[in-house]
Amino acid sequence: MTAKAEYGRQQPEKSENQNFLTGICALLIFLTLFASVGLAQNEIAPKKYDALKASVAEAQQNELKEIENLKKQLSEVKQSKKTTQENIAANKIQLPIYNNLLLQPESPIQALEKAWLEIQDTVRALSERITDFTARKNAVAQRLNQNREQVVLTEKQIADMQANDAAGKEISAIKEQLQILLNHLSEKQELLIALDTTYLEIIDALTENRQTFSQLSGKFDENIQTRKKQALLERKTSLVSIGLKQILEDFKEFIQQLGAVTKLSFWSDQLAFVWKSGGFYLVSFVLLFFIIQGINYRMRQYIIRIKDYPKLKQRFWSPLTLSIIKKSIFLFGSTLFLYIYAQAGPFESKPPIVWAGLNILMVWLFSEVCIDAIKIYCGEEATTVPRKPAFYFRLLVSMVRWFGISYILFSWLGSSNSTVLTIWRLFLEICLYVWNIFFWSALQKSHPPDNAGWSPRQSAMISALKFLSFSIVVVALVLELSGYGLLALYWLTSWGRTAVVLLWSLLLFFVLLEWNPKVEKYQDTSDGTTGMPKKSVRWVIVQFLMLAWFGNMVILLVFAWGGKQSVLLKIFGFLRHTYQVGNMSFSLMGLIVAVLILLLTQFVARVWQQVFRQNILNQSGMEEGLQDSITTISVYVVWAVGILIALNAFGFNATSLTVVLGALGIGLGFGLQAIFNNFVSGIILLFERPIQVGDDIEVGGMWATVRKINVRATVVQTYDNASLIIPNSDLISSQVTNWSFKDKRLRRNVEVGVAYGSDVELVRDSLMAVAEKTPRILKLPKPDVVFKDFGDSALIFVLRFWTRVEYFYSVETDVRYGITRLFREKNIEIAFPQRDLHIRSGFDQKQPVLLEKGRPVPGDDPGKGEG
């Protein structure tokens, strides 16, 4: 009403007729617009309904097609289920055969190994089918979820249309089509559920069958290993008891087997077996081979570079070990590749040709390492190592190498109990015995008794090694001739592996000794005296590596004498055994990991401290003390994170840490209050920075330079090179004079007294001349001379000048030297305290009178004569 009133006041008056006509016109315009909009909606609505009908019809057609496909798929899956059940039934028929073979004590090991390979193939085939059907089931489950979402959406659309009371014929028709679509979706859902159920039944049946065969495979493996161990202690017919006819027949059979090797069919069967066992992974493993060799090439180039470092050239064992690794690194890569290839998943059936090749490569690798070690060591120590014993060493390794390769090939081609292998073992044992005789004779001749080249300790060690060497060969010969050929072979191969382990263990031990910093001494450049050993982080790392070296050597020796992975698993099981303390659980493995994390934190903190300080803050232009404070705080953060991770690895969880912090709080209230006070004071020093690293302070009348602000105390170094450890709380609570706080300039005063009667103007000019000529006295602020006082024996002058705190002592010394020299040149007398004795006599008594420099003492009568 207000707007209308204002509008009426602004416009001229109008008659009532004009207002009525205006209202009629507005109403007609509104009705015209409403009718237009209604007609437009009536034209658009049929088009929208037609599009919706077409969309629903298309969806119905698609769902019908999918229903037909699902019906075909369900039929195929049921047929697959039937086939799978037949295969499972066939596998179950094989189970009694395998069990009977397993239970028969007289079953040969070769038959057990063949059956075990067949079981492994069956397990692998079952695993592949389980993987295939699982992928199909997951796809069906995904489609089933999508179908359920479509059903819910369609039902919601139908419900929305039913809720519309004003729905016309078009909407009713669409609702009917949606209902038909819902029926199709329901039928599709039932088919998908049937498919999912069928796949689940197939997977369960295959999984059960695989589990049965996996258990049977484990029993076969355990039985085979037990048979092999029993075969070591089982006495066979000795070579002495075998007739000539049997030996000739065995040789004839062996020649026939060698002839079969030359045939193409033999190698095609071997390669087919390899391909069947997992050859389709060959392409990826070839790529792995090139990756391993590429890494080895980079390592070889790195070894070549670091061998030229000055620190390595000063050592002996480190370059020797690196040279051995450099020569054998590609052979090691090939052996590692074949080992991974043989141990990988595709080779559960373990093709004999692959294992034979792996064993040959390992024999070649170990022998090559030994030969390289002998050659390099003799080349480095040519003056101390006799050439003939070194030659016999190389001969021994070469002999063992070729025997091992030939024995592996003979075993792969024929039976391990063959007479040919027995003769071949006996031939090796005889060769080893002959080698012992020649070697020890050559060694004795190279060091005659009158040469005195051996110490008593070395002589005892050589005698023990000689006895051990002959004992190994004699025991092997006795076992072989007694019919325990496999035990003799196990005896020799175990000692061979032990020799390789000891060789590398000794090399690494001497390398660690070379890098042990406990032998390094620091030397004072002044008098050449030697101080205490210099401890560092490297010493801790070397000690930890020594412990790891010993543990690895023990494990490898266990493996060398036939220990299997179960031994290693037991060791790790012992280390991982948890000990419950309330709600907390700890283990030795957790302790080891925690120590490793702390060592790594120490390393990271040191590296971070150097990098952050030198490469980042050094370019910032900040003060040295501020840089040190920021660096120290960042190191504290690194240590805090490392300690939390170490505690978590050791077994402390959030609840445990709460308990520990609570106990720490109680400890702070009682015994650790002083330590905590010093720690908080150190934090205050780092943040407030009343003193900083590099500041010159005065504490207890002693001048010193701040060197390090630690967690508990601050290290300062006096000008006499004495280090003081001051608790941080003392620096906060007591008075400390910081002579370089914010400004390293300071003013120093040098007093000098001149005799009464001296020219004071000349004294002042002379002192100013000394200040101008003395180096390291700052020009600004200007030095000045103060006439301080009339002293008892001298006129006191003070030369005041500004210099820097680093060398104020030397500047004061130079100033005093200059004053003495210049005063002497200008005949200015430097006064010193003196007393003159004057005796005066009176009428009544004699009274001594003291005069200072000819002046009467106050209170005396100057009019009286002097005596």
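**Close-ups of a predicted model**

**View 1. Tyr 433 on helix H12.** Tyr 433 sits in helix H12; helices here are DSSP runs of H or I with at least four residues, strands are runs of E with at least two, and both are numbered from the N terminus. This is a predicted model, where local features need pLDDT of at least 70, side-chain atom pairs count only at pLDDT 80 or more, and totals for chains, interfaces and linings use all residues. Residues are numbered from 1 along each chain as its sequence is written, and side-chain values use heavy atoms, with hydrogens and water left out. Tyr 433 counts as partly exposed because its relative accessibility is 33% (buried is under 20% relative accessible area, exposed over 50%, partly exposed in between, with a 1.4 Å probe and protein chains only).

View 2. Gln 120 belongs to helix H3, residues 109-162. With a relative accessibility of 11%, Gln 120 is buried.

**View 3. The whole protein, for context.** Zooming out, the protein has 23 helices and 15 strands. Of its 867 residues, 33% count as buried. Take the contacts (heavy atoms within 4.5 Å) between residues at least 6 apart in sequence: 70% of them join residues at least 24 apart.
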